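Opened a new model today and wanted to see how its inside is put together. Notes below, in the order I looked things up.

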Amino acid sequence: MLQLTLIRHAKSSWENPALSDFDRPLNKRGRKNAPLMGKVIRKLGLVFEQIVSSPALRAITTARLIAEKLGFPEQDIEQRADLYGASLDALLDCVSSLDNRYSKIAMVAHNPGITALCNHLTGKSITNLPTCAVALIEFDLDDWRAVDQDTGRLTLYEYPRKYMD
């Protein structure tokens, strides 16, 4: 069985309009929510054998903050340029190229692609994965190349607002 956990990057800052989209950092809420969701993931017992992330600053920072809470080595996070601003087709190509040595992988990426991927793989119709949302999809498959439309089951869907006081 394969498990793919989709994570939308945490909330980013628009404070400096001179920064490129790629270089936008997390804002205060994002810096709070990413570690929070790392704790939620740990509490739920999810384990990742691999984390792949867009190299955009807001995404890789989200991946690093979550990894820290899980005890996942930061140097083992794989940055993949094909995840930055990726369309559904590009994200599907990325999934099909995942290493079959790993059956439990987290992918940190961007909207609208990450929401489209979640819906495509599960047949769900989530309007929008909020920032720092976590969606676990399970597949009764053993090869990432076999992952395709409606082959997965959404078994967990968490987001920071569920944990706000």
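For contacts I count heavy atoms within 4.5 Å. The model is a predicted one.

Entry: Leu4. I skipped its neighbours within four places in sequence and listed what Leu4 touches: Val95, Leu98, Ile105, Met107, Leu121, Ala135, Leu136, Ile137, Phe139 and Trp144.

Entry: cores. Leu4 turns up again in the largest nonpolar core, which has 26 residues; Leu4, Leu6, Met107 and Trp144 have the most contacts inside it. I checked which elements give two or more residues to this core, and got strand E1 (2-8), helix H3 (88-96), strand E4 (104-109), H4 and E5. Apart from this core I found another, of 23 residues, including Ala10, Met37, Leu46 and Phe72.

Entry: the helix pair. I looked at how H1 (residues 28-43) packs on H2 (residues 57-70): the angle is about 40°, and the axes are 8 Å apart. Roughly parallel would need an angle under 35 degrees, so H1 counts as oblique to H2. The crossing of H1 past H2 is right-handed. On the H1 side I noted Arg31, Ala34, Pro35, Gly38, Lys39, Ile41 and Arg42, and on the H2 side Thr62, Leu65, Ile66, Lys69 and Leu70. By type, this contact has six nonpolar, two polar and four charged residues.

Entry: Thr131. I found Thr131 in the loop between helix H4 (113-122) and strand E5 (134-139). Is Thr131 buried or exposed? Its relative accessible area is 11%, and the cut-off for buried is under 20%, so Thr131 is buried. Beyond its neighbours within four places in sequence, Thr131 contacts Arg8, His9, Ala10, Lys11, Arg29 and Pro160.

Terms used:
Residues are numbered from 1 along each chain as its sequence is written. This is a predicted model: local features need pLDDT of at least 70, side-chain atom pairs count only at pLDDT 80 or more; totals for chains, interfaces and linings use all residues. Side-chain values use heavy atoms; hydrogens and water are left out. Axes are lines fitted to C-alpha atoms, for helices over the stretch in contact, and angles run from 0 to 180 degrees between N-to-C directions. Helices (H or I, at least four residues) and strands (E, at least two) are DSSP runs, numbered from the N terminus. Angles under 35 degrees count as roughly parallel, over 145 as roughly antiparallel, 65 to 115 as roughly perpendicular and the rest as oblique. A crossing is left-handed if the near helix is turned anticlockwise from the far one by less than a right angle, and right-handed if clockwise. Ala, Val, Leu, Ile, Met, Phe, Trp, Tyr, Cys and Pro count as nonpolar, Asp, Glu, Lys and Arg as charged, and the others, Gly among them, as polar. Buried means under 20% relative accessible area, exposed over 50%, partly exposed in between (1.4 Å probe, protein chains only). A nonpolar core is a set of buried Ala, Val, Leu, Ile, Met, Phe, Trp, Tyr and Cys residues joined through side-chain atoms within 4.5 Å.
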